[in-house]
Amino acid sequence: MTIVIGFPDSKSLAKKIAKQIKAKYSELEIKKFPDNETYIRFKINVKGKDVVFVQSLNNPNEKIMNLIFANETAKDLGAKRIILVAPYLAYMRQDKRFKPGECISSNILGKLLKFDKIITIDPHLHRHKNLKKVFSHAVSLSSNKLIADYIKKNLKSSLIIGPDSESYQWAEEIAKYVKSHAIILKKVRFTSKKVKIKVKNNLSLKNKDVVIVDDIISTGHTMIEAAKQAKKLKAKNVYCIAVHGLNIENAFIKLKKLGVKKIVTTNTIASKNGLIDITKLIAKELI
Ligand code: R5P
């Protein structure tokens, strides 16, 4: 028997997954002591059961602590197998020591989250070519097909644009599915809030509908700069689609104000822009 447990911010996705795989759904009692220490209690008997934790790791620090406590407690209570579904996996962009003395956070997270299996969607793999290098029992699923289906159904897109070199992983495959082609732009990042996007001199987007696709919209600066370039090149309609909508500092609103027609993400992180549902993708991996 499988029990799906929904963690803060991921409860609605967890309920959908439980329904899809016909599992029991439960939540933990999570409280704070007056000194801010965390209290965790299982409300359901997990002895001998397969337990699936669903927790997307946006705003990750407290969530990571909860997961470590819950994982150890479930083991202690005799759970048979403990699986973490983390549709958005945090710290993956800090995958190297950029400056001397820095913490390579992705690798440390891999040491802290020791589950029987970890399932995630489109983790940011740049310098780590394979998720298994970070998390030994991890499965990485791709939402490219779901994004392409959304584009085919809802947007009359002629062109897919990837805003930086890493985005080819999404842009090229999505373009293939929607029978279009992908243009990959060049990004230079100065700080976490300052990027510059370069386009080739002879590129024209005149009268074209373009969909800019990326894995993450965080502060939105990558999408904003790419959308500005698309507009400068006279694109007719500009759409932005990302797998994970972190939406820091009102990124979605800023994009809208710029004239982006639609900003859509998957529902790895809950928001009203999360129109592309990944429930079935995860359910298939759990059955
Ligand atoms: C990094 O290269 C990622 O693929 C995204 O492009 C990046 O995380 C987006 O961040 P922001 O929205 O803050 O520009």
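**View 1. β12 and the lining of the largest pocket.** β12 is the top contributor to the lining of the largest pocket, giving 4 residues. Strands are DSSP runs of E with at least two residues, helices are runs of H or I with at least four, and both are numbered from the N terminus. This is a predicted model: local features need pLDDT of at least 70, side-chain atom pairs count only at pLDDT 80 or more, and totals for chains, interfaces and linings use all residues. Residues are numbered from 1 along each chain as its sequence is written, and side-chain values use heavy atoms, without hydrogens and water.

**View 2. The largest pocket as a whole.** The largest pocket holds about 950 Å³ of space. Two or more lining residues come from each of β10, β12 and α6. In total 32 residues line the largest pocket; Arg 93, Gln 94, Arg 189, Ser 192 and Ser 218 lie nearest its centre. The lining divides into 12 nonpolar, 12 polar and 8 charged residues. A pocket is an open set of points on a 1 Å grid over the protein atoms alone, where a 1.4 Å probe fits, with protein on both sides within 12 Å along at least five of seven lines; lining residues have an atom within 4 Å of a point. Its volume is the space filled by probe spheres set on the points, which are joined across faces, edges and corners.

**View 3. The ligand and its shell.** The ligand sits in the largest pocket (more than half of its atoms lie within 2 Å of the grid points). β10 (186-191), β12 (209-217) and α6 (221-232) each give two or more residues to the shell around the ligand. β12 supplies the largest share, 4 residues. The shell comprises 2 nonpolar, 6 polar and 7 charged residues; Gly counts as polar, and Asp, Glu, Lys and Arg as charged.

View 4. A side-chain N or O atom of Asp 215 lies 2.6 Å from an oxygen atom of the ligand. For Arg 189 the distance from a side-chain N or O atom to a ligand oxygen is 3.2 Å. For Asp 164, a polar side-chain atom is 3.4 Å from a ligand oxygen. The protein covers 95% of the 380 Å² of accessible area that the ligand has on its own (Shrake-Rupley method, 1.4 Å probe).

**View 5. The second largest pocket.** This pocket has a volume of about 160 Å³. α8 (279-286) is among the elements that supply at least two lining residues, and the largest share, 3 residues, comes from α8. The lining has 4 nonpolar, no polar and 4 charged residues.

Key
Polar contact = N/O pair within 3.5 Å; in protein donor to acceptor, adjacent residues only side chain to side chain.
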